[in-house]
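These are my notebook entries on a single structure.

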Amino acid sequence: MTDLLYSIRMRASANGAHISGSERLVSSERAEGIIRDMCGRAVSRGVMPDDITITVDPMTRESIQYEAALDFVSVQVSCVHEGRSFAVQMLEHIGVAPEAARYAVHIVGSGAAPSGANMRGAVIMDAQNGVRLEQDQERGVRVSRFDWTESAHRNVNRALSSAGFPHFRTQEALALASKVARAPGVLAELCWSDDPDYTAGYVSSARAGYMRIPFMKKPGDAHGGRVFFVDAQNTRLDVLITYLQSAAVLIRKVGSVRNSVEPHWALEHYASGSTHVRA
Ligand code: WAQ
Ligand code: MG
């Protein structure tokens, strides 16, 4: 094994509008296969891109920070209304102001970029008042340089698949959320997919873990996005953004995986002060 890891990033767009993106952090032996996969993904979203950019950056292993994955629970909601209402309540429990939580759900659900499109990256939002802090509201802040270690990837794939969540999106999102939850100043994250066929999303935080919500939008709805809620008064935005974009984080330990918890149970359990939901 060489001492280098490769940060590989893909973005695909058509007429300047974002179609898809992906980021990995892998050993040199795996880089070639990953690049092939990314090209496949770039052309598989039903819209033919006119631009596909793949960026490869070598990184030394000494620059890597290792983290554990957030604990995972799937929350049993049965419709979009319940899903969104759980998300808002959970964010409030974590310390996000109710107006900010509701505003975040609203903008992700209607295209958070000023043009009304989906953003390529995330909104950074002041958790106290809902003010948007990202410099470029059309693009947002894209988190990069994170992945599972090879063995953690095998373990998380096994754990999530046997709990009924075999989709690569779940694994990718759990890795991203595990990096973001450790960001300096981040209180919580809200996310749902922009893929019209994928209705799931999540709320996450370092304390609450990753709470998967199967219905955050109706099938066919192409809106989706991410919001990172920050404690703005005590956060240096430049330090936060450097961490999100540039710190190399590998997730090497898998947390607990728990299926089908009731929304009220998730809220109470979290409110009771337990820091982790154990299976
Ligand atoms: N950094 C910041 N924002 C991003 C990133 C990133 N690396 N990748 C995607 N986004 C934003 C962007 O606005 C996308 O439009 C939006 O998030 C959704 O991205 O447990 O697949 O890649 O099964 O569609 C949730 C997983 C799936 C639920 C999330 O996101 C589950 C997903 P997508
Ligand atoms: Mg993605």
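This is a predicted model: local features need pLDDT of at least 70, side-chain atom pairs count only at pLDDT 80 or more; totals for chains, interfaces and linings use all residues.

I worked on a 1 Å grid over the protein atoms alone: a cavity is a set of points where a 1.4 Å probe fits but cannot get out, and a pocket is an open set with protein on both sides within 12 Å along at least five of seven lines; a lining residue has an atom within 4 Å of a point. Grid points are joined across faces, edges and corners, and a volume is the space filled by probe spheres set on the points.

Residues are numbered from 1 along each chain as its sequence is written, chains are lettered from A and ligands numbered from 1 in the order in which they are written, and side-chain values use heavy atoms, with hydrogens and water left out. The pLDDT, the predictor's confidence in each residue from 0 to 100, averages 94 for the protein, and 96% of the residues score at least 70. Residues 275-279 fall below 50, and this stretch has 17 contacts in the model beyond near neighbours in sequence; a contact means heavy atoms within 4.5 Å.

I read a volume of about 290 Å³ for the largest pocket. Its lining comprises 15 residues, and Arg 24, Arg 41, His 153, Phe 168 and Glu 172 lie nearest the centre. Two or more lining residues come from each of strand S2 (17-27), helix H1 (28-42), strand S7 (146-148) and H5. Helices (H or I, at least four residues) and strands (E, at least two) are DSSP runs, numbered from the N terminus.

I placed His 153 in helix H4 (residues 150-162). His 153 counts as partly exposed because its relative accessibility is 24%; the classes are buried under 20% relative accessible area, exposed over 50% and partly exposed in between (1.4 Å probe, protein chains only). Leaving aside neighbours within four places in sequence, His 153 is in contact with Trp 148 and Gln 171. Val 254 is 101 residues from His 153 in sequence, yet their C-alpha atoms are 8.5 Å apart. Gln 171 belongs to helix H5 and, at 6% relative accessibility, is buried. With the neighbours within four places left aside, the contacts of Gln 171 are Trp 148, His 153, Val 156, Asn 157, Leu 160 and Pro 166. From Gln 171 to Asn 157, 14 residues apart along the chain, the C-alpha separation is 7.1 Å.

The largest cavity holds about 630 Å³ of space. It is lined by 35 residues, with Arg 142, Arg 169, Glu 172, Cys 191 and Arg 226 nearest its centre. The elements that give two or more residues to this lining are S2, H5, S8, S9, strand S10 (209-213) and strand S11 (225-230). S2 supplies the largest share, six residues.

I took a salt bridge as a side-chain nitrogen of Lys or Arg within 4 Å of a carboxyl oxygen of Asp or Glu. By this rule there are 11 salt bridges. Arg 9 pairs with Asp 57, their closest N and O atoms being 3.2 Å apart. This pair links distant parts of the chain, strand S1 (residues 4-14) and strand S3 (residues 51-60), 48 residues apart. Arg 145 also forms a salt bridge with Asp 57, at 3.4 Å between the closest N and O atoms. Arg 145 lies in the loop between strand S6 (123-126) and S7 and Asp 57 in strand S3, so this pair ties together parts that are 88 residues apart in sequence.

I then turned to Arg 169, whose side chain meets that of Asp 195 in a salt bridge (3.3 Å, N to O). Arg 169 is in helix H5 and Asp 195 in the loop between strand S8 (186-192) and strand S9 (201-205), so parts 26 residues apart in sequence are tied together. Arg 169 is buried, with a relative accessible area of 18%, and Asp 195 is buried at 15% relative accessibility.
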